[in-house]
Amino acid sequence: MIVIESPADLRRELNVRRNQGRRIALVPTMGNLHAGHASLVDQARSLADEVVVSIFVNPLQFGPNEDFAQYPRTPAEDESLLIAHGAHILFRPTVQDIYPRGQGESAIVHIPHLAEILCGEFRPGHFDGVATVVTKLLGIVQPDVAIFGEKDFQQLAIIRRAVADLSVPTEILGGTTVREANGLAMSSRNRYLDPSQRAAAPQIFRSLSSAGKKISAGERDFAAIEQVATGELQNAGFKPDYFSVRDAESLLVPAPTTKRFVILTAARIGKARLIDNVQVQTSP
Ligand code: PAF
């Protein structure tokens, strides 16, 4: 694996490989890599000849009171994991490389409505930061395919929309959420959990799964389902931002015709804000 910091160097290197007919995949990350990221790299390797992984802790997607400064940075461990999983190129740009004009002066990608609901309501500007940096990374790397974890379901929907609306010729794929044996979704922010919070954390997946079973069984009183789950999370020590049943295509409140549902939650405990979701497909 080679490590490249400058966008110009990366472009030069990728042009050589592209001209040899090699298919390129991008896995964008913010580092502090874990088994969830490793599975995205494995998926990328099965789809392309060259796997580029970017590590960039994007300041634009953090609010003023969020954890940009504390966000875990583990460059040596990240490199080892990427080598073990066969990534070809690690792209590690600086903030200056990505926002040479300065953050406040650069173009912003905003996805109306989708960026303002659910997590967007609690993290204003977050998804503008995500959509902007991902559009920028896709422009630098010009990959055939880019892969993002489904744990960040709303993020994936926003990236799909940005790519469609801006005619970016990259295929966007989701990677299945990797979970610990107790159901807790792998996340860099799990590091913020102390032992008692870690013991409480699997309640998120339990509540999502039990809501999913109710929907599969035909229950359609979504407000009641959300209320029960919110209570369960509060009893386990969480402060839920939201627990919501949505149509998986539109992320709107389900319509009577909805067949594919997603149940999403974001809940705070101690210093951590954890997000997760489960999808439910009812009969066609
Ligand atoms: O999911 C993440 O790690 C980030 O939001 C992403 C997609 C790499 C953009 O900074």
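**Strand β5 and its neighbours**

I began with strand β2 (residues 24–29), which pairs with β5 in the parallel sense over 2 bridges; I took two strands as paired if DSSP finds at least two bridges between them. Helices (H or I, at least four residues) and strands (E, at least two) are, in these notes, DSSP runs numbered from the N terminus. The model is a predicted one, in which local features need pLDDT of at least 70 and side-chain atom pairs count only at pLDDT 80 or more, while totals for chains, interfaces and linings use all residues. Residues are numbered from 1 along each chain as its sequence is written, and side-chain values use heavy atoms, with hydrogens and water left out.

For Ala25 I looked up the bridge partner in β5 and found Val145. I then turned to strand β6 (residues 171–175), which pairs with β5 in the parallel sense over 5 bridges, and here Ala146 stands opposite Ile172 of β6.

Is β5 enclosed or open? I noted that 5 of the 5 residues of β5 (residues 145–149) are buried, so the strand is largely enclosed by the rest of the structure; buried means under 20% relative accessible area, exposed over 50% and partly exposed in between (1.4 Å probe, protein chains only). Val145, Ile147 and Gly149 point one way from β5, Ala146 and Phe148 point the other way, and all are buried.

**Helices α6 and α7**

I next checked helix α6 (residues 126–141) against helix α7 (residues 153–165), whose axes come within 10 Å and cross at roughly 55 degrees. Axes are lines fitted to C-alpha atoms, for helices over the stretch in contact, and angles run from 0 to 180 degrees between N-to-C directions. α6 and α7 are therefore oblique to each other, given that angles under 35 degrees count as roughly parallel, over 145 as roughly antiparallel, 65 to 115 as roughly perpendicular and the rest as oblique.

Among the residues in contact (heavy atoms within 4.5 Å), I listed Phe127, Val130 and Leu138 from α6, and Ile158, Ile159 and Val163 from α7. By class, the contact of α6 with α7 has 9 nonpolar, 3 polar and no charged residues; Ala, Val, Leu, Ile, Met, Phe, Trp, Tyr, Cys and Pro count as nonpolar, Asp, Glu, Lys and Arg as charged, and the others, Gly among them, as polar.

**Helices α9 and α10**

Last, I looked at helix α9 (residues 203–216) and helix α10 (residues 222–235), whose axes come within 10 Å and cross at roughly 160 degrees. That makes α9 roughly antiparallel to α10. By class, their contact has 8 nonpolar, 3 polar and 2 charged residues.
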